[in-house]
Amino acid sequence: MAIPTSRTKHTGVIHVDDEKCNQCGLCVSICKDGSLVMKGGRVTLGSDPVFGCYGCGHCMAICPESAVEIEGRELSLDDLLPLPDASRKTLFDDLYQLMLGCRSIRDFKKKEIEPHLIDQIIEAALTAPVVLPPSDVKLLVFKGRAKVREFAFDAIDQMAKSRWLIKPPGIWLWKMAGNEAYELMKGFGFPLINKLV
Ligand code: SF4
Ligand code: SF4
């Protein structure tokens, strides 16, 4: 069995290099699938994994000897980046000030973003932790003001198709979903759809 994603339907193939492995067991403790187990003091493949290797890559990342490699599910050792030295880690104060100084964008400037800045943003975004297997994570970049506007109008078109949600019987469905959901739609969703479409 494998967890199917949009880009793969097979389990990952696990390779453990016995020559390099020091049998520390870190990969076994991080693998929550049971794909890796300790047997007789040695790392071996689990006989009863939950799903089969889903390619999270944690075993490769944690191995101090680069002894474990996952093949398939669009993963390879090339995906591993060197971790920063502990002295370069961002501490709470710096992180807090950074986050405090950020707000979401409401009005975009009429100015193209320089390609190297887009590359840097993508590079940073690629380090984000994911819950899904990595082979199901996608990043969508709209290049240019025209594309952003096109996307905005597509979103409004979709909303227009959902207009029935703000009329009976749609409203009854929201009421059946519970008071909290209905109040949220009444105070936010309905006025927004009414204004935009
Ligand atoms: S990639 Fe994830 S699921 Fe596969 S063996 Fe490593 S830790 Fe387990
Ligand atoms: S983390 Fe690496 S060195 Fe440690 S047991 Fe697993 S494969 Fe061996």
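What percentage of the 197 residues in the protein is buried? In this predicted model, buried residues make up 13% of the 197. The overall dimensions were computed next. The radius of gyration is 24 Å, whereas a compact globule of 197 residues would have a value near 16 Å. Along the principal axes, the C-alpha atoms fill a box of roughly 65 × 45 × 35 Å. Contacts were also examined by sequence separation. Among those between residues at least 6 apart in sequence, 56% join residues at least 24 apart.

The protein contains 7 helices and 4 strands. Along the sequence, these elements follow the pattern β-α-β-β-α-β-α-α-α-α-α. Strands β2 (residues 36-39) and β3 (residues 42-45) run antiparallel and are joined by 4 bridges. Met 38 stands opposite Val 43 of β3. The two strands, β2 and β3, form a hairpin with 2 residues between them. Gly 40 lies in the turn and has a positive phi of about 60°.

Helix α5 covers residues 145-161. Its 17 residues should span 24 Å at 1.5 Å a residue. The C-alpha atoms at its ends are 25 Å apart, which agrees with that expectation. Is α5 buried or in the open? The number of buried residues among its 17 is 0, so α5 lies largely in the open.

Two ligands were considered in turn. Ligand 1 is surrounded by 15 residues. The closest are Cys 31, Ser 35, Cys 53, Cys 56 and Cys 59. By class, the shell of ligand 1 holds 9 nonpolar, 5 polar and 1 charged residues. Ligand 2 is likewise surrounded by 15 residues. Here the closest are Cys 21, Cys 24, Cys 27, Cys 63 and Ala 67. The shell around ligand 2 divides into 11 nonpolar, 3 polar and 1 charged residues.

Leu 26 was examined individually. This residue lies in helix α1, which covers residues 26-30. Around Leu 26, 19 other C-beta atoms lie within 10 Å. A buried residue needs 20 or more, so Leu 26 counts as partly exposed. With neighbours within four places in sequence left aside, Leu 26 is in contact with Ile 62 and Cys 63.

Notes: Residues are numbered from 1 along each chain as its sequence is written. Chains are lettered from A and ligands numbered from 1 in the order in which they are written. This is a predicted model: local features need pLDDT of at least 70, side-chain atom pairs count only at pLDDT 80 or more; totals for chains, interfaces and linings use all residues. A residue is near a molecule or strand if its C-beta atom, placed from the backbone, lies within 6 Å of it. Ala, Val, Leu, Ile, Met, Phe, Trp, Tyr, Cys and Pro count as nonpolar, Asp, Glu, Lys and Arg as charged, and the others, Gly among them, as polar. Two strands pair if DSSP finds at least two bridges between them. The expected span of a helix is 1.5 Å times one less than its number of residues. A residue is buried if 20 or more other C-beta atoms lie within 10 Å of its own, exposed if 12 or fewer, and partly exposed in between; C-beta atoms are placed from the backbone. Two residues are in contact if their C-beta atoms, placed from the backbone, lie within 7 Å. The radius of gyration is taken over C-alpha atoms; the globule rule is 2.2 Å times the number of residues to the power 0.38.
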